[in-house]
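Visitor: I would like to go through this structure with you, beginning with the ligand. Could we settle the terms as we go?

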Amino acid sequence: MTVITCIDDLKQLHRKRTPKMFYDYCESGSYTEQTFRENVSDFSQIRLRQKVAVDMAGRSTATTMAGQEVALPVALAPVGLLGMQRADGEIKAARAAAKFGVPFTLSTMSICSIEDVAAHSPDPFWFQLYVMRDEDFVDAIIERAKRAKCSALVLTLDLQILGQRHKDLKNGLSAPPKLTLPNLVNMALKTRWGLEMLGTKRRFFGNIVGHAKGVKDASSLFSWTAEQFDPCLDWSKIARIRDQWGGKFILKGVLDAEDARVAADFGADAIIVSNHGGRQLDGALSAIRMLPEIVQAVGDKTEVWLDSGIRSGQDILKALALGAKGTMAGRAYVYGLGAMGEAGVTRALEVMQKELDISMALCGEKRVQDLGRDNLLLPKGFLNNYS
Ligand SMILES: Cc1cc2nc3c(=O)[nH]c(=O)nc-3n(C[C@H](O)[C@H](O)[C@H](O)COP(=O)(O)O)c2cc1C
(Lines give C-alpha, C1' and ligand atoms only; values in the text may rest on other atoms or scores of the structure.)
Protein backbone atom coordinates (compact mmCIF):
# COMPACT_ATOMS: atom_id res chain seq x y z
CA MET A 1 0.00 0.00 0.00
CA THR A 2 1.21 3.50 -0.82
CA VAL A 3 2.47 5.40 2.22
CA ILE A 4 0.86 8.83 2.23
CA THR A 5 3.13 11.42 3.81
CA CYS A 6 2.00 14.65 2.16
CA ILE A 7 -0.84 16.17 0.13
CA ASP A 8 1.13 15.69 -3.07
CA ASP A 9 1.01 11.89 -2.56
CA LEU A 10 -2.79 12.13 -2.54
CA LYS A 11 -2.70 14.30 -5.65
CA GLN A 12 -0.69 11.68 -7.55
CA LEU A 13 -3.16 8.95 -6.56
CA HIS A 14 -6.13 11.17 -7.42
CA ARG A 15 -4.69 11.68 -10.89
CA LYS A 16 -4.19 7.94 -11.34
CA ARG A 17 -7.65 6.89 -10.14
CA THR A 18 -10.04 9.54 -11.52
CA PRO A 19 -11.13 10.17 -15.13
CA LYS A 20 -9.07 12.90 -16.75
CA MET A 21 -12.10 15.17 -17.22
CA PHE A 22 -12.67 15.39 -13.45
CA TYR A 23 -9.03 15.47 -12.38
CA ASP A 24 -8.48 18.35 -14.84
CA TYR A 25 -11.62 20.10 -13.55
CA CYS A 26 -9.99 20.13 -10.12
CA GLU A 27 -6.44 20.87 -11.22
CA SER A 28 -6.99 23.95 -13.31
CA GLY A 29 -7.15 27.70 -13.10
CA SER A 30 -8.54 30.25 -15.53
CA TYR A 31 -6.70 31.42 -18.67
CA THR A 32 -2.90 31.29 -18.15
CA GLU A 33 -3.28 29.83 -14.62
CA GLN A 34 -0.89 32.47 -13.22
CA THR A 35 -3.06 33.17 -10.16
CA PHE A 36 -3.65 29.43 -9.64
CA ARG A 37 0.13 28.83 -9.58
CA GLU A 38 1.00 31.88 -7.48
CA ASN A 39 -1.55 30.96 -4.79
CA VAL A 40 0.82 28.09 -4.01
CA SER A 41 4.23 29.53 -4.96
CA ASP A 42 3.71 32.72 -2.88
CA PHE A 43 3.34 30.56 0.23
CA SER A 44 6.77 29.09 -0.41
CA GLN A 45 8.34 32.57 -0.37
CA ILE A 46 7.31 32.99 3.26
CA ARG A 47 9.83 31.47 5.67
CA LEU A 48 9.46 30.33 9.26
CA ARG A 49 11.43 31.62 12.23
CA GLN A 50 12.91 28.77 14.26
CA LYS A 51 12.90 29.08 18.05
CA VAL A 52 14.66 26.79 20.53
CA ALA A 53 14.61 26.10 24.25
CA VAL A 54 10.87 26.76 24.47
CA ASP A 55 8.65 24.37 26.45
CA MET A 56 6.56 22.71 23.74
CA ALA A 57 4.54 20.27 25.84
CA GLY A 58 0.75 20.38 25.68
CA ARG A 59 0.28 21.74 22.18
CA SER A 60 -3.08 22.09 20.46
CA THR A 61 -4.31 22.87 16.96
CA ALA A 62 -7.87 23.41 18.23
CA THR A 63 -9.56 26.79 17.99
CA THR A 64 -12.89 28.27 16.86
CA MET A 65 -14.10 29.49 13.47
CA ALA A 66 -17.11 31.83 13.60
CA GLY A 67 -17.83 30.52 17.08
CA GLN A 68 -17.69 26.84 16.07
CA GLU A 69 -15.10 24.63 17.77
CA VAL A 70 -12.68 23.08 15.28
CA ALA A 71 -9.91 20.52 15.78
CA LEU A 72 -7.87 22.30 13.12
CA PRO A 73 -8.38 25.81 11.73
CA VAL A 74 -9.51 24.52 8.34
CA ALA A 75 -12.96 24.23 6.84
CA LEU A 76 -13.50 22.05 3.77
CA ALA A 77 -14.24 24.56 1.00
CA PRO A 78 -17.34 24.24 -1.20
CA VAL A 79 -16.40 22.28 -4.32
CA GLY A 80 -18.85 21.55 -7.12
CA LEU A 81 -19.23 18.04 -8.55
CA LEU A 82 -17.50 16.27 -5.64
CA GLY A 83 -19.74 13.32 -6.43
CA MET A 84 -17.97 12.98 -9.78
CA GLN A 85 -14.50 12.80 -8.22
CA ARG A 86 -15.73 9.76 -6.35
CA ALA A 87 -19.24 8.28 -6.10
CA ASP A 88 -21.28 9.99 -3.34
CA GLY A 89 -18.31 12.34 -2.82
CA GLU A 90 -20.17 15.00 -0.84
CA ILE A 91 -21.42 12.46 1.71
CA LYS A 92 -17.93 10.98 2.06
CA ALA A 93 -16.31 14.38 2.58
CA ALA A 94 -19.00 15.52 5.04
CA ARG A 95 -18.53 12.37 7.12
CA ALA A 96 -14.75 12.67 7.17
CA ALA A 97 -14.99 16.32 8.23
CA ALA A 98 -17.54 15.60 10.99
CA LYS A 99 -15.45 12.75 12.43
CA PHE A 100 -12.30 14.89 12.34
CA GLY A 101 -13.99 17.92 13.89
CA VAL A 102 -13.83 20.47 11.08
CA PRO A 103 -16.68 22.07 9.07
CA PHE A 104 -17.69 20.78 5.65
CA THR A 105 -19.23 23.24 3.16
CA LEU A 106 -21.69 21.83 0.64
CA SER A 107 -21.68 23.59 -2.73
CA THR A 108 -24.85 24.69 -4.53
CA MET A 109 -23.37 22.73 -7.47
CA SER A 110 -23.08 19.47 -5.56
CA ILE A 111 -24.11 16.07 -6.86
CA CYS A 112 -25.63 14.89 -3.55
CA SER A 113 -28.47 17.16 -2.45
CA ILE A 114 -28.62 19.13 0.82
CA GLU A 115 -31.23 16.71 2.20
CA ASP A 116 -29.21 13.66 1.17
CA VAL A 117 -26.01 14.93 2.85
CA ALA A 118 -28.00 15.90 5.96
CA ALA A 119 -29.41 12.37 6.16
CA HIS A 120 -25.95 10.80 5.97
CA SER A 121 -23.72 13.19 7.92
CA PRO A 122 -23.42 12.87 11.70
CA ASP A 123 -23.03 16.66 12.19
CA PRO A 124 -24.56 19.81 10.69
CA PHE A 125 -22.59 21.24 7.78
CA TRP A 126 -22.37 24.63 6.09
CA PHE A 127 -24.16 25.45 2.85
CA GLN A 128 -22.60 27.55 0.09
CA LEU A 129 -24.92 29.64 -2.03
CA TYR A 130 -24.46 30.85 -5.58
CA VAL A 131 -26.99 33.57 -6.28
CA MET A 132 -29.04 32.64 -9.34
CA ARG A 133 -31.36 34.77 -11.46
CA ASP A 134 -34.30 32.57 -10.49
CA GLU A 135 -35.26 34.21 -7.18
CA ASP A 136 -37.78 31.49 -6.34
CA PHE A 137 -34.99 28.93 -6.60
CA VAL A 138 -32.74 31.03 -4.33
CA ASP A 139 -35.53 31.54 -1.76
CA ALA A 140 -36.36 27.83 -1.80
CA ILE A 141 -32.78 26.63 -1.46
CA ILE A 142 -32.20 28.94 1.52
CA GLU A 143 -35.27 27.42 3.18
CA ARG A 144 -34.06 23.90 2.31
CA ALA A 145 -30.68 24.66 3.93
CA LYS A 146 -32.49 25.90 7.05
CA ARG A 147 -34.67 22.80 7.21
CA ALA A 148 -31.58 20.59 6.83
CA LYS A 149 -30.13 22.46 9.86
CA CYS A 150 -27.10 23.79 7.99
CA SER A 151 -25.16 25.73 10.60
CA ALA A 152 -23.86 28.56 8.38
CA LEU A 153 -24.54 30.08 4.98
CA VAL A 154 -21.44 30.78 2.89
CA LEU A 155 -22.30 33.26 0.14
CA THR A 156 -19.84 33.19 -2.75
CA LEU A 157 -19.28 36.60 -4.31
CA ASP A 158 -16.66 35.98 -6.97
CA LEU A 159 -18.51 33.83 -9.50
CA GLN A 160 -21.39 35.74 -11.02
CA ILE A 161 -19.75 35.17 -14.36
CA LEU A 162 -17.73 32.04 -15.03
CA GLY A 163 -13.95 32.32 -15.53
CA GLN A 164 -12.75 30.31 -18.53
CA ARG A 165 -10.77 27.18 -17.85
CA HIS A 166 -9.35 25.88 -21.11
CA LYS A 167 -9.15 22.25 -19.99
CA ASP A 168 -12.86 22.05 -19.14
CA LEU A 169 -13.82 23.27 -22.61
CA LYS A 170 -11.39 20.87 -24.29
CA ASN A 171 -12.57 17.92 -22.19
CA GLY A 172 -16.28 18.75 -22.64
CA LEU A 173 -16.75 18.63 -18.86
CA SER A 174 -20.24 17.57 -17.75
CA ALA A 175 -22.05 15.66 -15.01
CA PRO A 176 -22.62 12.86 -15.76
CA PRO A 177 -19.73 12.70 -18.27
CA LYS A 178 -20.53 12.69 -21.99
CA LEU A 179 -19.90 9.23 -23.39
CA THR A 180 -17.56 10.20 -26.22
CA LEU A 181 -15.02 7.62 -27.36
CA PRO A 182 -11.99 9.27 -25.64
CA ASN A 183 -14.03 9.63 -22.41
CA LEU A 184 -15.16 6.00 -22.58
CA VAL A 185 -11.61 4.77 -23.11
CA ASN A 186 -10.33 6.91 -20.26
CA MET A 187 -13.11 5.85 -17.86
CA ALA A 188 -12.59 2.17 -18.70
CA LEU A 189 -9.09 2.50 -17.23
CA LYS A 190 -10.43 3.84 -13.91
CA THR A 191 -12.08 0.61 -12.76
CA ARG A 192 -12.70 1.43 -9.12
CA TRP A 193 -14.18 4.82 -10.01
CA GLY A 194 -16.46 3.24 -12.63
CA LEU A 195 -17.69 0.41 -10.40
CA GLU A 196 -18.52 2.81 -7.59
CA MET A 197 -20.33 5.12 -10.04
CA LEU A 198 -22.39 2.22 -11.36
CA GLY A 199 -23.41 1.51 -7.77
CA THR A 200 -24.87 4.95 -7.05
CA LYS A 201 -27.85 6.89 -8.38
CA ARG A 202 -26.27 10.22 -7.47
CA ARG A 203 -24.95 11.48 -10.80
CA PHE A 204 -26.74 14.79 -11.45
CA PHE A 205 -26.73 18.14 -9.65
CA GLY A 206 -28.88 17.03 -6.72
CA ASN A 207 -29.71 20.54 -5.48
CA ILE A 208 -31.08 21.59 -8.85
CA VAL A 209 -32.74 18.71 -10.71
CA GLY A 210 -36.38 18.53 -9.64
CA HIS A 211 -36.06 21.82 -7.71
CA ALA A 212 -35.45 24.47 -10.40
CA LYS A 213 -38.34 25.33 -12.73
CA GLY A 214 -38.22 23.23 -15.90
CA VAL A 215 -35.12 21.22 -14.92
CA LYS A 216 -35.98 17.56 -15.07
CA ASP A 217 -33.15 15.95 -17.02
CA ALA A 218 -29.53 16.41 -18.11
CA SER A 219 -30.16 18.59 -21.15
CA SER A 220 -32.48 21.07 -19.40
CA LEU A 221 -30.00 21.14 -16.52
CA PHE A 222 -27.15 22.27 -18.76
CA SER A 223 -29.08 25.13 -20.30
CA TRP A 224 -30.36 26.20 -16.86
CA THR A 225 -26.92 26.34 -15.20
CA ALA A 226 -25.32 28.09 -18.19
CA GLU A 227 -27.79 30.98 -17.90
CA GLN A 228 -28.44 31.17 -14.21
CA PHE A 229 -25.56 32.89 -12.36
CA ASP A 230 -27.02 36.30 -11.52
CA PRO A 231 -24.85 39.08 -13.01
CA CYS A 232 -26.81 41.65 -10.99
CA LEU A 233 -25.68 40.50 -7.54
CA ASP A 234 -25.01 43.63 -5.46
CA TRP A 235 -24.86 44.59 -1.78
CA SER A 236 -28.63 45.14 -1.56
CA LYS A 237 -29.29 41.57 -2.72
CA ILE A 238 -26.63 40.33 -0.31
CA ALA A 239 -28.46 42.13 2.52
CA ARG A 240 -31.75 40.51 1.52
CA ILE A 241 -30.15 37.04 1.58
CA ARG A 242 -28.48 37.75 4.93
CA ASP A 243 -31.82 38.74 6.44
CA GLN A 244 -33.69 35.80 4.94
CA TRP A 245 -31.07 33.37 6.26
CA GLY A 246 -30.94 34.88 9.73
CA GLY A 247 -28.15 32.59 10.94
CA LYS A 248 -24.36 32.55 10.71
CA PHE A 249 -23.42 34.34 7.53
CA ILE A 250 -20.03 34.10 5.81
CA LEU A 251 -18.90 36.03 2.72
CA LYS A 252 -16.51 34.19 0.41
CA GLY A 253 -14.41 35.58 -2.40
CA VAL A 254 -13.21 38.99 -1.15
CA LEU A 255 -9.76 39.99 -2.44
CA ASP A 256 -9.72 43.73 -1.98
CA ALA A 257 -9.40 45.85 1.18
CA GLU A 258 -12.17 48.25 0.15
CA ASP A 259 -14.62 45.38 -0.51
CA ALA A 260 -13.56 43.80 2.78
CA ARG A 261 -14.46 46.97 4.72
CA VAL A 262 -17.96 46.96 3.19
CA ALA A 263 -18.33 43.22 3.85
CA ALA A 264 -17.30 43.69 7.49
CA ASP A 265 -19.89 46.46 7.96
CA PHE A 266 -22.49 44.01 6.67
CA GLY A 267 -22.34 42.03 9.87
CA ALA A 268 -20.79 38.94 8.29
CA ASP A 269 -19.54 36.41 10.86
CA ALA A 270 -16.46 35.89 8.71
CA ILE A 271 -14.96 37.13 5.46
CA ILE A 272 -13.02 34.71 3.32
CA VAL A 273 -10.08 36.17 1.42
CA SER A 274 -10.12 34.11 -1.76
CA ASN A 275 -9.67 34.20 -5.51
CA HIS A 276 -11.63 30.96 -5.96
CA GLY A 277 -8.41 28.96 -6.12
CA GLY A 278 -7.28 30.89 -9.22
CA ARG A 279 -10.35 29.77 -11.18
CA GLN A 280 -11.89 33.20 -11.77
CA LEU A 281 -9.83 36.39 -12.36
CA ASP A 282 -6.50 35.23 -13.74
CA GLY A 283 -3.92 37.94 -13.04
CA ALA A 284 -5.32 38.70 -9.58
CA LEU A 285 -2.76 38.52 -6.79
CA SER A 286 -2.54 35.41 -4.63
CA ALA A 287 -4.83 35.29 -1.63
CA ILE A 288 -1.94 35.03 0.86
CA ARG A 289 -0.35 38.20 -0.54
CA MET A 290 -3.65 40.11 -0.16
CA LEU A 291 -4.37 38.79 3.33
CA PRO A 292 -2.39 41.23 5.56
CA GLU A 293 -3.87 44.33 3.88
CA ILE A 294 -7.38 42.96 4.32
CA VAL A 295 -6.80 41.96 7.94
CA GLN A 296 -5.65 45.50 8.61
CA ALA A 297 -8.65 47.03 6.83
CA VAL A 298 -11.16 44.89 8.73
CA GLY A 299 -9.57 45.20 12.19
CA ASP A 300 -11.59 43.30 14.76
CA LYS A 301 -14.99 43.92 13.14
CA THR A 302 -15.17 40.29 12.04
CA GLU A 303 -13.01 37.22 11.46
CA VAL A 304 -10.90 37.04 8.32
CA TRP A 305 -10.08 33.61 6.86
CA LEU A 306 -7.71 32.65 4.08
CA ASP A 307 -8.69 30.41 1.18
CA SER A 308 -6.77 29.56 -2.03
CA GLY A 309 -3.43 27.79 -2.08
CA ILE A 310 -3.47 25.77 1.16
CA ARG A 311 -1.55 22.54 0.53
CA SER A 312 0.01 21.86 3.93
CA GLY A 313 -0.09 22.52 7.64
CA GLN A 314 2.75 24.98 7.15
CA ASP A 315 0.53 27.00 4.80
CA ILE A 316 -2.12 27.11 7.53
CA LEU A 317 0.52 28.28 10.00
CA LYS A 318 1.63 31.06 7.64
CA ALA A 319 -1.95 32.24 7.04
CA LEU A 320 -2.67 32.39 10.77
CA ALA A 321 0.62 34.15 11.44
CA LEU A 322 -0.42 36.81 8.91
CA GLY A 323 -3.66 37.43 10.77
CA ALA A 324 -6.22 34.89 9.51
CA LYS A 325 -8.39 33.30 12.22
CA GLY A 326 -9.03 30.26 10.06
CA THR A 327 -8.58 28.82 6.59
CA MET A 328 -10.46 26.93 3.91
CA ALA A 329 -8.90 24.22 1.79
CA GLY A 330 -10.30 23.02 -1.52
CA ARG A 331 -8.02 20.90 -3.68
CA ALA A 332 -6.05 19.51 -0.71
CA TYR A 333 -9.05 17.43 0.36
CA VAL A 334 -10.40 16.81 -3.16
CA TYR A 335 -7.10 15.05 -3.94
CA GLY A 336 -7.76 12.86 -0.88
CA LEU A 337 -11.32 12.13 -1.97
CA GLY A 338 -10.29 11.20 -5.51
CA ALA A 339 -7.42 9.08 -4.18
CA MET A 340 -9.11 7.12 -1.40
CA GLY A 341 -12.69 8.31 -0.82
CA GLU A 342 -13.65 9.17 2.77
CA ALA A 343 -10.37 7.73 4.12
CA GLY A 344 -8.47 10.02 1.76
CA VAL A 345 -10.22 13.14 3.07
CA THR A 346 -9.39 12.03 6.61
CA ARG A 347 -5.78 11.41 5.57
CA ALA A 348 -5.53 14.91 4.04
CA LEU A 349 -6.71 16.42 7.33
CA GLU A 350 -4.34 14.23 9.39
CA VAL A 351 -1.38 15.18 7.21
CA MET A 352 -2.09 18.90 7.53
CA GLN A 353 -2.73 18.69 11.27
CA LYS A 354 0.57 16.90 11.89
CA GLU A 355 2.48 19.36 9.72
CA LEU A 356 0.91 22.28 11.57
CA ASP A 357 1.60 20.77 14.97
CA ILE A 358 5.27 19.95 14.33
CA SER A 359 6.01 23.24 12.59
CA MET A 360 4.30 25.21 15.33
CA ALA A 361 6.43 23.44 17.94
CA LEU A 362 9.64 24.19 16.04
CA CYS A 363 8.56 27.84 15.86
CA GLY A 364 8.22 27.81 19.65
CA GLU A 365 4.42 28.03 19.79
CA LYS A 366 1.93 25.76 21.54
CA ARG A 367 -1.41 27.19 20.43
CA VAL A 368 -2.59 28.24 17.00
CA GLN A 369 -4.14 31.35 18.58
CA ASP A 370 -0.64 32.58 19.55
CA LEU A 371 0.80 32.54 16.03
CA GLY A 372 1.74 35.97 14.74
CA ARG A 373 3.98 37.99 12.46
CA ASP A 374 6.95 37.22 14.78
CA ASN A 375 6.90 33.60 13.62
CA LEU A 376 7.63 34.55 10.02
CA LEU A 377 10.42 35.92 7.90
CA LEU A 378 9.13 37.68 4.79
CA PRO A 379 11.22 38.62 1.76
CA LYS A 380 11.62 42.37 1.33
CA GLY A 381 8.70 43.81 -0.62
CA PHE A 382 6.47 40.74 -0.17
CA LEU A 383 3.68 42.84 1.29
CA ASN A 384 3.88 45.96 -0.86
CA ASN A 385 5.48 44.95 -4.11
CA TYR A 386 2.35 45.93 -6.03
CA SER A 387 0.30 49.11 -5.88
C1 LIG B 1 -12.99 21.71 -8.59
C2 LIG B 1 -13.40 22.93 -7.84
C3 LIG B 1 -14.75 23.27 -7.76
C4 LIG B 1 -15.13 24.38 -7.00
N5 LIG B 1 -16.47 24.65 -6.85
C6 LIG B 1 -16.85 25.68 -6.04
C7 LIG B 1 -18.23 25.90 -5.75
O8 LIG B 1 -19.10 25.17 -6.21
N9 LIG B 1 -18.53 26.95 -4.95
C10 LIG B 1 -17.57 27.79 -4.42
O11 LIG B 1 -17.90 28.74 -3.70
N12 LIG B 1 -16.27 27.57 -4.66
C13 LIG B 1 -15.89 26.54 -5.44
N14 LIG B 1 -14.57 26.30 -5.64
C15 LIG B 1 -13.57 27.13 -4.97
C16 LIG B 1 -13.23 26.56 -3.61
O17 LIG B 1 -14.30 26.73 -2.72
C18 LIG B 1 -11.99 27.25 -3.01
O19 LIG B 1 -12.20 28.63 -3.03
C20 LIG B 1 -10.71 26.91 -3.74
O21 LIG B 1 -10.65 25.54 -4.04
C22 LIG B 1 -9.54 27.29 -2.87
O23 LIG B 1 -8.34 27.04 -3.48
P24 LIG B 1 -7.46 25.73 -3.21
O25 LIG B 1 -8.10 24.65 -4.03
O26 LIG B 1 -6.12 26.12 -3.68
O27 LIG B 1 -7.54 25.40 -1.73
C28 LIG B 1 -14.16 25.18 -6.38
C29 LIG B 1 -12.81 24.82 -6.46
C30 LIG B 1 -12.43 23.71 -7.18
C31 LIG B 1 -10.98 23.34 -7.22
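Predicted model: local features only at pLDDT ≥ 70, side-chain atom pairs only at ≥ 80, totals over all residues.

Visitor: What is the distance from the side chain of K252 to an oxygen atom of the ligand?

Guide: An N or O atom in the K252 side chain lies 3.0 Å from a ligand oxygen atom.

Visitor: And what about S107 and T156?

Guide: For S107, a polar side-chain atom is 2.7 Å from an oxygen atom of the ligand. For T156, an N or O atom of the side chain is likewise 2.7 Å from a ligand oxygen atom.

Visitor: How many residues surround the ligand, and which are the closest?

Guide: The ligand is surrounded by 22 residues, of which P78, S107, Y130, T156 and D307 are the closest.

Visitor: Let us change topic. Where does N39 lie, and is N39 buried or exposed?

Guide: N39 belongs to helix α3. Its relative accessibility is 2%, so N39 counts as buried.

Visitor: Which side chain makes a polar contact with that of N39?

Guide: That of N275, at 2.9 Å. Beyond four places in sequence, the residues in contact with N39 are N275, G277, G278, S286, A287, S308 and G309.

Visitor: S308 is on that list. Where is S308 found?

Guide: S308 sits in the loop that runs between β10 (303–307) and α15. At 5% relative accessibility, S308 counts as buried. Its side chain is joined to that of N275 by a polar contact of 3.2 Å, and the S308 side chain also reaches the backbone nitrogen of G277 at 3.0 Å. N275 therefore has polar side-chain contacts with both N39 and S308, given that pairs of N or O atoms within 3.5 Å are what is counted.

Visitor: Back to α3. At what angle do the axes of α3 and α14 cross?

Guide: The axes of α3 (residues 34–45) and α14 (residues 287–298) cross at roughly 70° and come within 8 Å. The two helices, α3 and α14, are therefore roughly perpendicular to each other. N39, D42, F43 and Q45 of α3 make this contact with A287, I288 and R289 of α14. By type, the residues of the contact are three nonpolar, two polar and two charged.

Visitor: How do α15 and α17 pack?

Guide: Helix α15 (residues 313–321) packs against helix α17 (residues 342–362) at about 55°, with the axes 7 Å apart. The pair α15 and α17 is therefore oblique. On the α15 side, G313, Q314, I316 and L317 take part, meeting M352, E355, L356, S359 and M360 of α17. That contact comprises five nonpolar, three polar and one charged residue.

Visitor: Why is α16 described as largely enclosed?

Guide: Nine of the ten residues of α16 (residues 331–340) are buried, so the rest of the structure largely encloses this helix. The buried ones include Y333, Y335 and L337. Just after α16, G341 has a positive phi of about 65°.

Visitor: Finally, which residues of α12 are buried, and what covers them?

Guide: In α12 (residues 235–245), the buried residues are I238, A239, I241, Q244 and W245. Their cover includes β6 (126–129), α7 (135–147), β7 (152–156) and β8 (249–254). Just after α12, G246 takes a positive phi of about 75°.

Note on methods. Residues numbered from 1 in each chain as written. Heavy atoms only, no water. Axes fitted to C-alpha atoms, helices over the stretch in contact; angles between N-to-C directions. Helix = DSSP H or I, 4+ residues; strand = E, 2+ residues; numbered from the N terminus. Parallel < 35°, antiparallel > 145°, perpendicular 65-115°, else oblique. Contact = heavy atoms within 4.5 Å. Nonpolar A, V, L, I, M, F, W, Y, C, P; charged D, E, K, R; others polar. Buried < 20%, exposed > 50% of the residue type's maximum accessible area, 1.4 Å probe, protein only. Near = heavy atom within 4 Å. Polar contact = N/O pair within 3.5 Å; in protein donor to acceptor, adjacent residues only side chain to side chain.
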